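Please keep the sequence and the structure in view while reading.

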Amino acid sequence: MKQFRETDEFSLDDILSEIKAKEATGEPARKQADQAFQLELSFTEEAEQEIPAKPMDDFARHDAAKTRRVDGIEEHTSTAEAPNEPLPLDGSVEDYLSEDVKRQEKELLDRQAFFNLKENRKKKIKDFVLVGEEEDNDPDEEDEEPEDDLFPDEIDDLESPEDIPVVAQDIKELKGSLTLRLIILLVATGLSLGLFAINAWLPGITPDFLSMKEEPLLFASANMLLLLFGAAFSYTTITGGIMSIVRLRPERDSLPALAAVVCVIQNAVCMFDPISLADPNVHLYTPLALLGLLFNVIGKLIIVSRTGINFKMVSSDYNKYGCHLVEDEGDAAAFTRGLLQDAPVLAVNQKTGFLRDFMLYSYGEDLSDRVSRLLAPISLIGALLLAGVVQFMMDDIHAAIGAFVATICLCAPIGLMFTVHLPLRWAAKKLSRHGAAILGYKAAEDYAELNSAVVSAKDLFPQGSVTLYGIKTFGEQRIDEAILDAASVACEAQSILSDVFLQVIAGKTEMLREAESLLYEDSMGVSAWVGNKRVLIGNRELMLNHGVDVPSRDYEVRYLDEGKELIYLSSGGELSGVFVVGLSADPQIRAALKKQEMNDIFLTVKCVDPILNHDKLGEIFDVEPAMFKIMPARLQEVYQRETRPEDWISSPVANNGSFYSYVSALVCAKRLKGAAMIGMVLQLASIVAGYALLSVFGVLGDFSQLTTLSLAAYQGIWFVLSVIGSRMRNL
């Protein structure tokens, strides 16, 4: 065994002086062979500083000419020393190329399918306009599905940065028009409820012209005017909702629109026979229809508010990343093999210059649309059945009509839209503080079963998380040469040590040399050619695997106390140095990993540093080691393909690239569907309970207790319960 000895110690100033001397004179500043040096560095202060986001166009550039590069690293299992060695492939070159062609064809087909979907869903880009702003229909589009009351024809989607001012103006105008509609509906609903309240609670002081008993025709006419007034400013909600029912595709506007129509009919009937209002079993349900329209517009204001919050993120100048799920089941299984027992639902983060289809995701179809699609026909059938029972039991057409209208109103719960869009609004507000966004309900559906994600080790160890305690040099290697070689390879390989080495050379990246033919060897480290020398950075196993003599394990023990780790550097087949480093957990990263652990999201880590394994990661971040897997070298090509920066990305989940932002978005997306479902179940329970209540009173032939105010209070109580239920699931 070769004998190693250490002597002198060198400070950081000594190292920089030697490097500066070489840079200034061109003469190498050498130190005596076999001399060791020691330096103390502390980056605690740096770790506490907030790292600003980099410009979004600062993309990494990779040399496509290098042999099968994988995020700057080539897969390698051989220990040969020749540069530019060919990469062994599984199968023939033709097989490899054919797979690549298939992948490209699949990407084209997927993209075409998405644009086809986008065209079909452009029916959603309608309304949000006041009366008198209706667009002329294209004759060629007469047979298309009706639009709901959500997006005006003139709204543009984000297709390029040039669209940002236009979309911003559209959002502002939508908010203004909805606010005006809200005010009008508040007035109409308040007046209508007030008429019923003073008749029910203050009959002794109610003026005759407001009394339902004294002036039933005037009372019914006043309610009709209020309802028509509110409906006039919600005409797109009503016309779009009714037409969607006619075309057998109801959506979220259909139920409040149907309630408004049947209430208008009931009011008209009572106006022709006002004496019917004297019957205690007959009730006008006008306020319920106005409440439905009012809460419909409040729900849309929540959508616009959430859209505005998210728009600030997607239109900013900071880094942008879009999340997507790995579609190839084989790739997803390979990334998570040994990590999961269930089928993998694997998320990756991809850098982009622009996030497209913002409005499409923000205003897309959601759970309330799908539920409404079922509720509309069911409520109509149920209302007809109950009306028939009441007519049979009571032989009173006005009571039967009232039973029909009450059923329709209770089957149009005022909190239906809120079950989806309140959680989305809460998520938008929360994520905006961390540079992330969930653009629409599609994210909740796509990520509800998320159980794994892929991340780079560099994301887990930001600047300040790695401390260099010392360097020992051996052999004939110069101190400056050792540092520059190590820095060049570490930066090219995207090692967690790269920031440390850049600190040592004072951030002078122009001094770095080109590192070629990077090869990652599982659990051992990386190798590369720097100039005409083979440079190895890794553990003792990597050195021994390449025939490089290393000190005994007793030598290592002296430096492995208190959690420190040793990284060996070899250049030209000789041991050049040993780096003593320590790892610490960034508090925000630890918090993010705790959040992942609580939500059963496992992590596959792309890593080239042999000092990291699942046990070490669990120890550093105080989480279960079983939630980590180190990505094998053979998968780094797939990782590079899935995370390759793109000019634009269409994704409902976005973030600024920081690990905390990434994880926060994933966790919120996973939990959103549960929050929405809790509220939706409670709203459906209100419908079932309400219909059961109406049925009981209908069979008994007594509707006197089912007053307008009691049903309005019933709706309000269930609305509060559904909001509380959704809020109980933390995002």
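A salt bridge is a side-chain nitrogen of Lys or Arg within 4 Å of a carboxyl oxygen of Asp or Glu. By this rule the count comes to 16 salt bridges. The model is predicted, with local features needing pLDDT of at least 70 and side-chain atom pairs counting only at pLDDT 80 or more, while totals for chains, interfaces and linings use all residues. Residues are numbered from 1 along each chain as its sequence is written, and side-chain values use heavy atoms, with hydrogens and water left out.

**Salt bridges**

- Lys442 and Asp446 are joined by a salt bridge, with 2.7 Å from N to O.
- Both Lys442 and Asp446 belong to helix H14 (residues 441-447), where they sit four residues apart, about one turn of the helix. Helices here are DSSP runs of H or I with at least four residues, numbered from the N terminus.
- Lys442 is partly exposed at 27% relative accessibility, and Asp446 is partly exposed at 29%. Buried means under 20% relative accessible area, exposed means over 50%, and partly exposed lies in between (1.4 Å probe, protein chains only).
- Arg370 pairs with Glu365 in a salt bridge, and their closest N and O atoms are 3.7 Å apart. Arg370 has a relative accessible area of 29%, so Arg370 counts as partly exposed.
- A network of salt bridges links Arg249, Glu365, Arg370, Arg373 and Glu445.
- Arg644 and Glu646 form a salt bridge whose closest N and O atoms are 3.8 Å apart. Glu646 is partly exposed at 26% relative accessibility, and so is Arg644 at 28%.

**A positive patch**

- Lys175, Lys312, Lys429 and Arg433 form a positive surface patch. The residues of a patch have over 30% relative accessible area and no salt bridge, and like charges are joined within 9 Å.
- The place of a charge is taken as NZ for Lys and CZ for Arg. Lys and Arg count as positive.
- Lys175 lies in helix H4 (residues 164-201). Lys175 counts as partly exposed because its relative accessibility is 45%.

**Cysteines**

- How many disulfides does the rule give? The count is zero disulfides, where a disulfide is a pair of cysteine sulfur atoms within 2.5 Å.
- A disulfide is a covalent bond that connects the sulfur atoms of two cysteines.
- Cys270 is buried, since its relative accessible area is 2%.
- Cys491 has a relative accessible area of 23% and is therefore partly exposed.

Methods. Patches are made of residues with over 30% relative accessible area and no salt bridge: like charges are joined within 9 Å, nonpolar side chains (Val, Leu, Ile, Met, Phe, Trp, Tyr) within 5 Å. Accessible areas come from the Shrake-Rupley method with a 1.4 Å probe; for residues, only the protein chains shown count as cover. Helices (H or I, at least four residues) and strands (E, at least two) are DSSP runs, numbered from the N terminus.
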